[in-house]
Amino acid sequence: MKKFTIVVSCIFILLSMTGCWDQTNLNKKRIINGISFDIDEQNPENIQGAVRELNLRGSGGGQFDLSDEIIEADGVSVSKINNELVNKISGDMDISKAFLVLVGEDLAKQQSISSLFEPIVRSKQGYLTSKVAITKGKASEILSLQISKSPIAFYILNLFENAEKETHIPKANTFTIWNEIVDKERDAMIPYIQKSDLNRVELLGTALFKNDYYTGEVLSIDQTSLALFMQGKIEKPPVMQITNDNEKTDEFSVFVEKVKQKSDLTVDKSSGKVQLTIKVDLYGRLQSLAGSPKKVTNQELDKKASTFLTENAKEVTEIIKEAESDILAIQKQLNSKYPDFLKNHEWEKVYKEIEITPDVNMHIQSSSNLK
């Protein structure tokens, strides 16, 4: 257990980040900044849960002692784990108020993600904007990391906030992921992280889900950006790095300023074949150009970038089809445009045969001072 003193103003800032807290005396308040779920190694039928909690105790003079500790419990369900944790911790504690929910990859493959979220989403005082991540290895190992004096949950939240702004991961939380799963709108992409060799947290990309379970397939950060473009979900277009394995001097990067996405779903009535064409147009300015200065036109760079990005987008579609993960909401589009089609066809068989054709086009509108 680690203790240190903070002034009262910092406490109020911390509490303001937790949503709608009740007016319980601060001396009894337990702030659950993160929770993890893993397979119980001693009993694989059980879930091993852990919370990273901050215990506030008055120390006089308008100051508080803040103890940061890990508490563990196991059970057959999240509700059972919550009850076990309550019995181990004095003061008020509710895991539904966690800032961050980490799920170990092994558990995510065998336990429905909605069953883990349900006590949080259905709680009247639950923190519905909790961020979620699937972890490479055990989630508890990441939750227990100590990075300076900052609670690990806040470190990861800042990591996710920056990644969301750059369209490196989807902007999602327990509530939005729950709705996607329950409403069957689309399959989920959930941030995928690992503990690095330097005992820090590294964002690897996104874990692909099929219905309620992790498929074991992951999109890298660059692949996730392309997937989000194909979904039409753009927070802030990122810098796109264009590379050529054969000619490193051809590498360049483009700062994307605007994205347009259009998709077209068709069904051949005679064969029943489903085709989805997704066109993405990226508009931006040249940021960097490798190699010695040389005369190059924007049109030449456009062509190279378009070819490179389209090929990478094709790799993304191959991965999601292999995982049978409907992150592009094709089933929803089919039901909307051809409401009777899936009454006569089995969705899983249809998805395996769908032809997805991405077409990504770069439009460099300015090369700044790079000529």
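Analyst: Let's start with a rule: two strands pair when DSSP finds at least two bridges between them. Strands here are DSSP runs of E with at least two residues, helices are runs of H or I with at least four, and both are numbered from the N terminus. The model is predicted, so local features need pLDDT of at least 70 and side-chain atom pairs count only at pLDDT 80 or more, while totals for chains, interfaces and linings use all residues. Residues are numbered from 1 along each chain as its sequence is written, and side-chain values use heavy atoms, leaving out hydrogens and water.

User: How do you know that β10 and β11 pair?

Analyst: β10 and β11 (residues 252-267) share four antiparallel bridges, and the rule asks for at least two, so they pair. In β11, Ser253 is the bridge partner of Gln241.

User: What makes β10 and β13 edge strands?

Analyst: The open sheet of four strands runs β10-β11-β12-β13, with mixed pairing. β10 (239-242) and β13 (355-366) each pair on one side only.

User: How do you know that α9 packs on the sheet?

Analyst: Helix α9 (298-322) touches β10, β11, β12 (274-289) and β13; contact means heavy atoms within 4.5 Å. The direction of α9 makes about 150 degrees with that of β13, on a scale from 0 to 180 degrees between N-to-C directions of axes fitted to C-alpha atoms, for helices over the stretch in contact.

User: Why is Pro151 called buried?

Analyst: Buried means under 20% relative accessible area (1.4 Å probe, protein chains only). Pro151 has 12% relative accessibility, so it counts as buried. Pro151 sits in the loop between α5 (139-143) and α6 (152-165). Not counting residues up to four places away in sequence, Pro151 touches Asn33 and Leu54. Leu54 is 97 residues away in sequence, yet the C-alpha atoms are 8.7 Å apart.

User: What makes a set of residues a nonpolar core?

Analyst: The members are buried Ala, Val, Leu, Ile, Met, Phe, Trp, Tyr and Cys residues joined through side-chain atoms within 4.5 Å. The largest such core has 45 residues, and Met240, Leu282, Leu328, Ile330 and Leu334 touch the most other members. α9 gives the most to this core, with seven residues. A second, separate core of 32 residues includes Ile35, Ile113, Ile177 and Ile190.

User: Which residues touch Leu328, leaving aside its neighbours within four places in sequence?

Analyst: With those neighbours set aside, the contacts of Leu328 include Arg186, Ala227, Met230, Leu276 and Ile356.

Note on methods:
Buried means under 20% relative accessible area, exposed over 50%, partly exposed in between (1.4 Å probe, protein chains only).
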